[in-house]
Amino acid sequence: MERMFSAINENKGKFSFKVSVYMLELYNDRLIDLLAENHAADAKLDIKKDKKGLVFVHGANVVDAGDSKSLYDIFEKGSENRHVASTKMNSESSRSHLILSIIIESTNKTTGSVLKGKLSLVDLAGSERASKTQASAEQLKEAQSINKSLSALGDVISALSSEQAFIPYRNNKLTMLMQDSLGGNAKTLMFVNISPADYNTDETVTSLTYASRVKLITNDASKNAENKEIVRLKGIIAKLKQGESVDDEEQ
């Protein structure tokens, strides 16, 4: 994060920047806003895509971050609200998938061209066997939801790696959220945590197999850019939709 803001500061002479962030968890097939104020975590959240194919979540709190410290503070605040529980295998086992999306928008001060990108950090909950975790009834329900979403993600990865015509993104909220990170206009890195213990050989092999399939996916990243004229026309349309008048200079 410090490197990102360092690059922003180095280019402030030519560009103006805006950095904002939203943070969600997928818990028991339900999206929860981890940055919600006044316990509004049950607010309706809808997964949508803009015209450029960028995924966003309508209804989620989007918070501005002016530097790396404020971004880290936002992450810490959201992490405190995440569902965790103690199991036989992990004293602080994640019971949900975490999605932290950082939206970066830059405007060229000379041409007015706007570039928009998103950095998504996704922490997937681990797939653990119930016989090993000795989970409670509620934790078993959580595990079933986790495994269901990971299975859906596996199906998407399999379809992408074999270049199938149809990719089943809509089979699960997790894959809908990760759609713009997995296929097409994106660069994707996957880090896999594994155990060196013989006792966890099955889980380790499963995780590495999962990762090897991801490696076969080929993406083609390109800039999400809008020129000055498009920005001007969008501004006019927005004013007209709100019933405001448009000056002759703007037309």
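**Salt bridges and their surroundings**

K69 and D73 are four residues apart in helix α2, so about one helical turn separates them. Helices (H or I, at least four residues) and strands (E, at least two) are DSSP runs, numbered from the N terminus. The model is predicted: local features need pLDDT of at least 70, side-chain atom pairs count only at pLDDT 80 or more, and totals for chains, interfaces and linings use all residues. Residues are numbered from 1 along each chain as its sequence is written, and side-chain values use heavy atoms, with hydrogens and water left out.

**The pairing in general**

- Side chains of opposite charge can pair when their charged atoms come close.
- A salt bridge is defined here as a side-chain nitrogen of Lys or Arg within 4 Å of a carboxyl oxygen of Asp or Glu.
- Four salt bridges are found when the whole structure is searched.

**The pair within helix α2**

- K69 forms a salt bridge with D73, and their closest N and O atoms are 3.0 Å apart.
- K69 counts as exposed, at 56% relative accessibility, while D73 counts as partly exposed, at 38%.
- In these terms, buried means under 20% relative accessible area, exposed means over 50%, and partly exposed lies in between (1.4 Å probe, protein chains only).

**The pair K77 and E37**

- K77 forms a salt bridge with E37, with 2.5 Å between the closest N and O atoms.
- This pair links distant parts of the chain, 40 residues apart: K77 belongs to helix α2 (residues 68–80), whereas E37 lies in the loop between β2 (30–33) and β3 (46–49).
- K77 counts as partly exposed, at 35% relative accessibility, and E37 also counts as partly exposed, at 44%.

**The pair R82 and D123**

- R82 forms a salt bridge with D123, the closest N and O atoms lying 2.7 Å apart.
- R82 is in the loop between α2 and β6 (84–85) and D123 is in strand β9 (residues 114–123), so the pair ties together parts that are 41 residues apart in sequence.
- R82 counts as buried, at 13% relative accessibility, whereas D123 is partly exposed, with a relative accessible area of 34%.

**A residue of helix α4**

- Q139 is found in helix α4 (residues 137–161) and is buried, with a relative accessible area of 12%.
- Q139 and R95 are 44 residues apart along the chain, and their C-alpha atoms are separated by 7.8 Å.
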